[in-house]
Amino acid sequence: MMMSEKEMMLENTVSAYENSLLNHCRYSMGEEWQQLSKRDLFQTAALAVRDRLIDRLIETEERYRQSDAKRLYYLSMEFLMGRTLGNSLINLNAYDACKDALMKLGVDLEEVREIEPDAALGNGGLGRLAACFLDSLATLDMPGFGYGINYEYGLFKQLIKNGYQKEEPDHWLAYGTPWQIRRPDETLRIHVYGRIETPKSKDFEYGHLWVDTKEILGVPYDMPIVGYGGRTVNCLRLYSARSSQEFDMEIFNNGDYVKAVEQKMTSETISKVLYPSDSVKSGRELRLKQEYFLVACAVRDIVRRYERDHKNALSKFASKVAIQLNDTHPALAIAELMRVLIDDKDLPWEEAWEITHDTFAYTNHTLLAEALEKWPVSLLELVVPRHLQIIKEINRRFLEQVARVFPDDPERLKRMTIITEDGESQVRMAHLSIVGSHSVNGVSELHSELVKKSLVPDFHELTPEKFNNKTNGVTQRRWLLKANPALAELITETIGDRWITELEELHMLEPYAEAGQFQQEFRSIKRDNKLRLAKVILDTNDVVVDPDSIFDVHIKRIHEYKRQSLNCMRIIHEYLSLVEDNQQPVAPRTYIFAGKAAPGYWAAKQIIKMINNVAQIINNDPRANEFMKVVFIPDYKVSLAEKIIPAADISEQVSTAGMEASGTGNMKFAMNGALTMGTLDGANIEICEEVGEENIFIFGLKAAEIEKMKREKSYNPWEYYYHDGRIKRVMDALNSKSFCTDENERFVWFYEAVLNAGDTYFLLADLASYIEAQERAGAAYLQTDDWTGKAILNVARTGKFSSDRTILEYAKEIWNIKRYMRNGH
Ligand code: 26Q
């Protein structure tokens with residue numbers, strides 16, 4: 001008799017795990033249990049978990065196939081997954097079973113978990129958002145799949161040497177990863193370079209014209225993504241680039257063996273390394289090839305799967321496939337789908353365009369001009385000549401349409417064109433993305449308004465129906481349940497466990513905000529988390545910090561607009577007030593920073609040095625020590641964030657208003673009971689609306705005020721400098737040797753950038769307001785019960801910021817995908 005699916009599926013009991021562990025120890029690792037190293041133990045535990053994921057992956061795929069489900073494909077150059085072991089065990093509801101099984105075998109699961117390297121296949125917010133979305137899609141039993149690149153090197157490891165950032169490669173795949181299933185059968189052949197043969201006719205309804213190309217192989221690796229409850233396992237498909245022949249036979253036969261091997265290596269560089277910049281565009285050929293490689297693999301894989309399930313009916317493509325572009329990085333997918341439909345499937349332009357436009361949707365994550373992607377036409381001509389041709393035709397038809405709606409308006413055409421003509425001709429990827437998509441969204445209310453009103457007003461005027469908002473969210477499974485198990489347990493004991501999949505349930509905590517018993521337990525959990533972090537800080541920084549001080553935390557990518565320097569200036573102000581004016585802060589604080597700077601971003605690296613110098617001076621000054629400590633924890637990453645966030649009292653979210661698209665760290669902190677110190681920017685505004693003005697510290701200029709000062713050129717930082725002695729003292733200190741650890745260091749550059757170069761980020765304009773808000777926060781912390789009440793209300797009122805809510809909005813309003821529950825669930 002056939003075994004039922006249930007009998008086949010591996011169980012999540014202690015004895016079943018014990019069995020699996022011992023089996024993998026012997027038959028996968030080829031070892032005896034006592035012989036396993038720490039890393040072997042991780043590998044063995046991961047393999048036991050992986051078996052269970054695969055069972056459910058197969059079942060899930062069959063469920064979607066039988067329902068002929070519409071599928072969502074999330075195309076992203078970045079997936080910042082972090083560690084998987086703990087998360088998968090929690091979502092499988094097998095954490096305790098595995099922990100107990102290991103314990104019986106004399107091993108501590110917590111220790112094994114710490115061995116796992118982070119999968120740091122992303123820079124920051126955009127990459128982590130993609131990872132949270134995958135968790136929510138699986139938890140909601142929705143057919144949503146990620147497509148990305150299997151970078152051999154993730155985001156660089158950060159070392160701090162003499163206060164400066166140094167980068168080291170992150171060879172995360174050095175020992176392989178148990179979380180990937182290689183699928184060599186589904187390898188794809190991708191073409192780059194080459195040339196276009198003279199077309200036979202002027203339109204695009206002709207056959208293959210792209211010739212003499214170089215071929216690269218795209219080998220897929222699937223990472224199973226398990227949703228909470230373990231019913232659904234979706235997957236993230238990552239492609240590695242391989243050379244198409246072991247050796248290029250022609251070169252080989254000509255006798256140049258070394259050159260042949262060299263060529264092979266060159267094609268494999270495409271998936272070698274993640275670009276470490278989260279703003280300034282690189283304009284490099286390799287990055288373009290990476291973007292194209294992702295897009296070519298994903299589009300072909302999607303079309304192939306569609307055709308496998310739907311015989312010869314491409315006209316229905318958009319009713320079964322939705323593709324979301326995570327920023328413009330995969331925007332070439334629009335041209336690639338057009339190319340496949342026209343060149344390979346022989347569809348006429350109009351039909352291909354309708355399918356393409358109905359399939360794609362685009363998310364914008366930035367308003368910063370320098371972060372908007374533009375590629376030189378000459379580079380596209382070299383790497384993807386056929387796509388350039390298609391983009392030119394898209395643009396020609398688009399401008400024709402604009403000219404029909406707005407006749408005699410050549411300026412408008414210049415503003416809207418996809419291909420710029422002035423100076424070096426370039427393709428604006430945001431314009432291509434907007435034109436080729438049926439939906440364009442920003443990532444917070446304010447940001448989505450600014451996309452319409454400031455970034456692309458002409459496009460909004462032409463097609464207002466495309467534009468919408470999807471406020472970001474984060475997965476509470478990783479950022480509360482996993483990162484803060486003690487708080488999660490207290491919440492569950494108090495209101496039940498439905499919050500794990502329906503975060504709005506947290507509202508039920510509100511009545512407990514002022515309850516003595518609950519407050520006490522809440523405080524004791526926060527203190528334990530602070531103690532745990534203090535141990536990490538002792539290990540990494542060799543600094544002793546006081547768990548009873550305020551933990552004031554500023555962690556995120558280092559960027560001028562994020563204004564770590566504003567925090568630094570205020571710390572200097574507090575320090576000088578203490579040592580020069582004998583003004584003591586009302587409560588002792590520990591200032592905690594972490595974050596990476598793009599290796600080529602000079603100012604950001606200088607800011608790291610500035611923080612470290614300030615830390616060194618303050619931490620070594622006995623007059624300051626009982627009141628303040630400053631630490632910069634090196635090598636910020638997902639697994640470190642999971643340790644820092646639950647320990648925070650204050651969350652620093654101080655970007656120049658109008659510049660942070662959303663922020664997602666802000667949500668993670670509030671969810672863990674930290675109070676936000678923030679400007680009215682990005683999602684801070686919505687956090688303020690949710691938690692209430694009395695439970696957050698808001699300061700600084702508003703986006704509209706900044707915008708006005710910029711427009712009228714009315715901002716003069718010198719006025720603030722001369723008008724406010726506190727500001728002058730801080731600036732003068734930075735211009736002197738006070739915070740220098742050796743000769744020739746001084747932060748003159750900073751003084752110059754702020755006072756003589758116009759203070760682009762409005763530091764001086766916001767400093768006084770920031771100092772005052774921080775003083776309010778310090779005083780509020782002393783009212784222990786009040787503060788705890790506010791912290792609890794922050795937790796209770798962050799229900800909106802679950803990525804489950806975000807995904808449900810995307811699913812309903814953009815993707816039109818549904819939930820497919822397993823029978824009996
Ligand atoms: C582009 C071209 C070449 C090389 C690199 C890049 C590149 C890579 C990453 C450009 C930008 C990024 C990442 C941007 C990012 O993380 N943006 C953040 O997205 C979050 C999720 O929506 C928001 O919460 C943040 O506000 C936003 O800064």
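Rings of Phe, Tyr and Trp (its six-membered ring) pair if their centres lie within 6.5 Å; planes under 30 degrees apart count as stacked, over 60 as edge-to-face and the rest as tilted. One aromatic cluster consists of Tyr64, Tyr73, Phe145, Tyr147, Tyr239 and Tyr820.

The model is predicted: local features need pLDDT of at least 70, side-chain atom pairs count only at pLDDT 80 or more, and totals for chains, interfaces and linings use all residues. Residues are numbered from 1 along each chain as its sequence is written, and side-chain values use heavy atoms, with hydrogens and water left out.

**Aromatic pairs**

The whole structure holds 24 aromatic pairs.

Helices (H or I, at least four residues) and strands (E, at least two) are DSSP runs, numbered from the N terminus.

For burial, the classes are buried (under 20% relative accessible area), exposed (over 50%) and partly exposed (in between), with a 1.4 Å probe and protein chains only. Tyrosine 715 is buried at 13% relative accessibility, while tyrosine 720 is partly exposed at 27%. Likewise, tryptophan 718 is partly exposed at 24%, and tyrosine 751 is buried at 11%.

**A three-stranded sheet**

An open, antiparallel sheet has the strand order β15-β17-β16; two strands pair if DSSP finds at least two bridges between them. Because β15 (374–376) and β16 (419–420) are edge strands with a single partner each, one side of each has no neighbour in the sheet. Two bridges join β16 to β17 (residues 426–428), and threonine 420 has glutamine 426 of β17 as its bridge partner. Helix α17 (residues 429–436) packs on this sheet and touches β15 and β17, its direction making about 50° with that of β17. Contact means heavy atoms within 4.5 Å; axes are lines fitted to C-alpha atoms, for helices over the stretch in contact, and angles run from 0 to 180 degrees between N-to-C directions.

**Whole chain**

The chain has 34 helices and 25 strands. Its C-alpha atoms fill a box of roughly 85 × 75 × 60 Å along the principal axes. Of the 825 residues, 61% are buried.
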